[in-house]
Amino acid sequence: MVKANHYPQPADQRQVEFETDFLVIQDLVKAYPSGSGDQTVVLDGINLSVGANEFIAIIGHSGCGKSTLLKIVGGLEQATSGAVFLEGSPIKKPGADRMMVFQQYSLLPWLTVRENVRLAVDEVCDRMSPRDRNDLVEEHLAMVNLTAAAAKYPDELSGGMKQRVGIARALAIRPKMLLMDEPFGALDALTRSRLQRQVLDIWERNPQAVMMITHDVDEAIYMADRIVMMTNGPNANIGEILTVPFDHPRDRAALRESSAYYDLRNHALGFLDSYFEQMS
Amino acid sequence: MQPRSQTRAASRLGRPNSATKKFRFPWEKIVLPAIAFAAVLLLWWVIATFFTTLMPTPWQAFQDNLDYILNPFFRRGPGNLGIGWLLLASLRRVLLGFLLGTLVAIPIGFWIGLSPRAMTAINPLVQLFRPVSPVAWLPIALAIFNLANPSAIFVIFITSLWPTVINTALGVSSVPKDYLDVAQVLEMPRWRQMYKIIWPASLPYIFTGLRLSLGIAWLVIVAVEMLTGGIGIGFFIWDEWNRLSLSSVFLAVIVIGLTGLVLDYAITLLQRWATHRPVKAL
């Protein structure tokens, strides 16, 4: 396949090593009609490209349209103008090649843990034999340490376990790209940091393109290769893209010892604070 | 603090700590309802003793009914059957009408829940007929069927329609968007979303409709049988009143109440089995 090179490269792209065009977001605008006939522009001209094995975190204040951006990439919402390309072809509708992990888990409460994962596998891997599908489900349940809870219903699980089901479901269908909408946002601090470790482990063993929405700077630095910082909405845009210079696999304790970590953290918090002051 | 942390450690090790917890008899849950029952019996006794000669005292009623209670399934000639047979005859009508109603109501509810246009078309009809006492349909049913039994079943059928239609439509139209998003991301075709997502997601609502329908159907059958006659618990009440044998009427009231409880509980069990989720009280 000939890679299309005719997309204009975003001007604020400081990154060199990941500059591939696996996912390209081009001049993306999202506007909603508002009351008096005119429009409220949520996202105003987003340009971003993501590498095939790159972990991207998107951070910004609430209301900056970061979830909308993720939903457009996921195909659940349509862009007003501009486009998103995955491996050169435009994204128009939802697809299993861009599987989502939802903040509120979105598990189906009438299915057991195993059946929830199985539903996704049955839907996407319909050419596999039932036996292979079974193996795929069990493999991914084991990956998130849920084999023992496989026969339970979502109501019987803690938040952390529910999100592990969500992650197993997303990974089991082998998407080209993983879209995570504040995946750890609803969890308590201890569970959150354990689950961050688990997800990062899985990713480090098997890197793929990830786009994660978060509002937690530490989470972004710990997990992501690049951090996309958004300005406040309406008319939100990409304010700055930070490159996280640490190699994988990462060790949280070691990161905390380095001064580079704190420089990065202060820089990101400074950016968010400057927009926080604008808000008030 | 010490004993408490020990129990916690024990439970973490998987040892059951329920043995340390003393079993306490739920006195309140038995004594308080018993007081209420006793108060009603006292009121009954006062009314029967001082206000009317037609009404038996609770003790008289119990003695009069002893034969019915001990032999619920006697057959002493045509029309002279034990109360168990009468109950079964009424239950048969209710369940038949309820099943037919359900078979019609769920598809209609599903359809108008999915299609706003169908909702616009059908909702006025539902709203018009819903407040009508189902007994009002009896003459129409008799005109159509010319027979008491099918007419009674038809009235139960009509009774069972409305709550199930309304609740099914509500359930289908309020399936959480999250579930549909999952289906969309998985590229699930619309027809498969119907039975894999929308149907199971709306089942709790459908069961709410079924519980309401069955409850009302059980109320209505007594009135219908009083009007149509024949074998059944409703006509039994009317017949016994005509013979001025009020004791049997009290027995019938209690039997009807208990049966209603059992029916409701049966639907709850079915719901728990079908939805795998705890059932909320109505």
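These legends accompany several close-up views of a predicted model. Residues are numbered from 1 along each chain as its sequence is written, and chains are lettered from A and ligands numbered from 1 in the order in which they are written. In this predicted model, local features need pLDDT of at least 70 and side-chain atom pairs count only at pLDDT 80 or more, while totals for chains, interfaces and linings use all residues; side-chain values use heavy atoms, with hydrogens and water left out.

**View 1**
Strands here are DSSP runs of E with at least two residues, helices are runs of H or I with at least four residues, and both are numbered from the N terminus. Two strands pair if DSSP finds at least two bridges between them.

**View 2. Strand β3 of chain A and its neighbours.**
Strand β3 (residues 55-59) of chain A pairs in the parallel sense with strand β8 (residues 209-214) of chain A over 5 bridges. Look for I59(A) opposite T214(A) in β8(A). Strand β9 (residues 226-230) of chain A also runs parallel to β3(A), joined to it by 4 bridges, and there R226(A) is the bridge partner of I56(A). Is β3(A) largely enclosed or open? Because 5 of its 5 residues are buried, β3(A) is largely enclosed by the rest of the structure. Buried means under 20% relative accessible area, exposed over 50%, and partly exposed in between (1.4 Å probe, protein chains only). F55(A), A57(A) and I59(A) are buried on one side of the strand, and I56(A) and I58(A) on the other, leaving both faces covered.

Strand β1 (residues 23-33) of chain A and strand β4 (residues 81-86) of chain A pair in the antiparallel sense over 5 bridges, with V29(A) standing opposite S81(A) in β4(A). Another antiparallel pairing, over 2 bridges, links β4(A) to strand β5 (residues 89-90) of chain A. In β5(A), S89(A) is the bridge partner of L86(A). β4(A) and β5(A) form a hairpin with 2 residues between them, and E87(A) in the turn has a positive phi of about 50°.

**View 3. Aromatic rings in chain B.**
Rings of Phe, Tyr and Trp (its six-membered ring) pair if their centres lie within 6.5 Å; planes under 30 degrees apart count as stacked, over 60 as edge-to-face and the rest as tilted. By this rule there are 16 aromatic pairs over all chains. W44(B) and F250(B) are stacked, because their ring centres are 4.1 Å apart and their planes lie at 25°. W44(B) sits in helix α2 of chain B and F250(B) in helix α11 (residues 246-275) of chain B, so the pair ties together parts that are 206 residues apart in sequence. W44(B) is buried, with a relative accessible area of 15%. Y68(B), F74(B) and F236(B) form one aromatic cluster.

**View 4. Salt bridges between and within chains.**
R192(B) forms one with E123(A), the closest N and O atoms being 3.0 Å apart. Since R192(B) lies in helix α9 (residues 190-228) of chain B and E123(A) in helix α2 (residues 113-124) of chain A, the pair joins two chains. E123(A) is buried, at a relative accessible area of 6%. D201(A) forms a salt bridge with R197(A), with closest N and O atoms 2.8 Å apart. These two residues, D201(A) and R197(A), are 4 residues apart in helix α5 (residues 189-205) of chain A, and are therefore separated by about one helical turn. D201(A) is partly exposed at 30%, and R197(A) is partly exposed at 24% relative accessibility.

Methods:
A salt bridge is a side-chain nitrogen of Lys or Arg within 4 Å of a carboxyl oxygen of Asp or Glu.
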